[in-house]
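Colleague: I would like to learn how to read pockets and aromatic contacts in a model. Please take me through them one at a time.

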Amino acid sequence: MAHHGTLIEHEPLIVHTRPAIDMDDEQFFQFCRLNGDLQIERTAEGDIIIMAPEAGSSGRGNTQLTVAFGLWAERDGTGQVFGSSTGFNLPNGATRSPDVAWVRNERLDALTDEQWQRFLPLCPDFVLELRSPSDSMGALHKKMEEYRENGARLGWLLDPASKQVHIYRPGAAVEIVNEPATLSGEPLLRGFLLDVPQIWAVMERKR
């Protein structure tokens, strides 16, 4: 939907289910399979969140990020990268799908074959969220805090509107970086360096 030349993405749809319906992890997984054309998350309170499809700008930015992290992870070899369609069952009962996630191999190796075929029962070691035009910063901050409280060791929230990056680490205040040229993933993401202006550029159609 266009407005004065600016793309406005639709707000997510929130469906309250408790106490009328209280799905366990397997039932929620099957619910998502039945609605495979939708991107669905679940809060710790059991609310179902149905996200609208991404705009071209956000989709392009997410693709660029997933490729960058994927190429690094292949070289690094200590963990695996997951894109925005992967569901994670967090310890607090929420099911989230970060735009980019990275999990150490030893944690993935501990999963059973059955767990591997379902939403992964863990919080990623690293999470990244890329703000879309419809996303409120308040909601994204809550989501990033949730990742941190559930075990994420590093979190990046990228905001194209302000050209800021918010960095989340356990036991530390949120660090806000204005217009960074690069972002280092050290020490968790060994040797990873993100070219941030390149992400803004692909979202703005600059080549």
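Modeller: Start with the make-up of a lining: in this predicted model, the lining of the second largest pocket divides into eight nonpolar, nine polar and two charged residues.

Colleague: Which residues lie nearest the centre of the second largest pocket?

Modeller: C32, S85, T86, G87 and F119 do, out of the 19 residues that line the second largest pocket. The volume of that pocket is about 370 Å³.

Colleague: Which element gives the most to the lining of the second largest pocket?

Modeller: Helix α1 (25-34), with three residues. Strand β4 also supplies at least two.

Colleague: What volume does the largest pocket have?

Modeller: About 720 Å³. The lining has 32 residues, and P12, E41, M51, D135 and K143 are the closest to the centre of the largest pocket. By class, the residues of this lining divide into 10 nonpolar, 10 polar and 12 charged.

Colleague: Which elements each supply at least two residues of the lining of the largest pocket?

Modeller: β4 (39-42), β5 (48-51), β10 (126-130) and α5 (137-149). The largest share, five residues, comes from α5.

Colleague: Now the rings. How is a pair of aromatic rings described?

Modeller: By the distance of the centres and the angle of the planes. In this model the count comes to 12 aromatic pairs. Take F28 and F119: the ring centres are 6.0 Å apart and the planes are at 50°, so the pair is tilted. Planes under 30 degrees apart would count as stacked, and over 60 as edge-to-face.

Colleague: Where do F28 and F119 sit in the chain?

Modeller: F28 is in helix α1, and F119 is in the loop between α4 (113-116) and β10.

Colleague: Are F28 and F119 buried or exposed?

Modeller: Both are buried. F28 has a charged neighbour as well: R42 lies over the face of the F28 ring, 4.4 Å from the ring centre.

Colleague: What about W72 and W102?

Modeller: They form a tilted aromatic pair, with 5.7 Å centre to centre and 55° between the planes. W72 lies in helix α2 (residues 56-76) and W102 in strand β9 (residues 100-104), so the pair ties together parts that are 30 residues apart in sequence. W72 and W102 are both buried.

How values were computed: Residues are numbered from 1 along each chain as its sequence is written. This is a predicted model: local features need pLDDT of at least 70, side-chain atom pairs count only at pLDDT 80 or more; totals for chains, interfaces and linings use all residues. Side-chain values use heavy atoms; hydrogens and water are left out. On a 1 Å grid over the protein atoms alone, a cavity is a set of points where a 1.4 Å probe fits but cannot get out, and a pocket is an open set with protein on both sides within 12 Å along at least five of seven lines; lining residues have an atom within 4 Å of a point. Grid points are joined across faces, edges and corners, and a volume is the space filled by probe spheres set on the points. Helices (H or I, at least four residues) and strands (E, at least two) are DSSP runs, numbered from the N terminus. Ala, Val, Leu, Ile, Met, Phe, Trp, Tyr, Cys and Pro count as nonpolar, Asp, Glu, Lys and Arg as charged, and the others, Gly among them, as polar. Rings of Phe, Tyr and Trp (its six-membered ring) pair if their centres lie within 6.5 Å; planes under 30 degrees apart count as stacked, over 60 as edge-to-face and the rest as tilted. Buried means under 20% relative accessible area, exposed over 50%, partly exposed in between (1.4 Å probe, protein chains only). A charge sits over a ring if NZ of Lys or CZ of Arg is within 6 Å of the ring centre and within 35 degrees of the ring normal.
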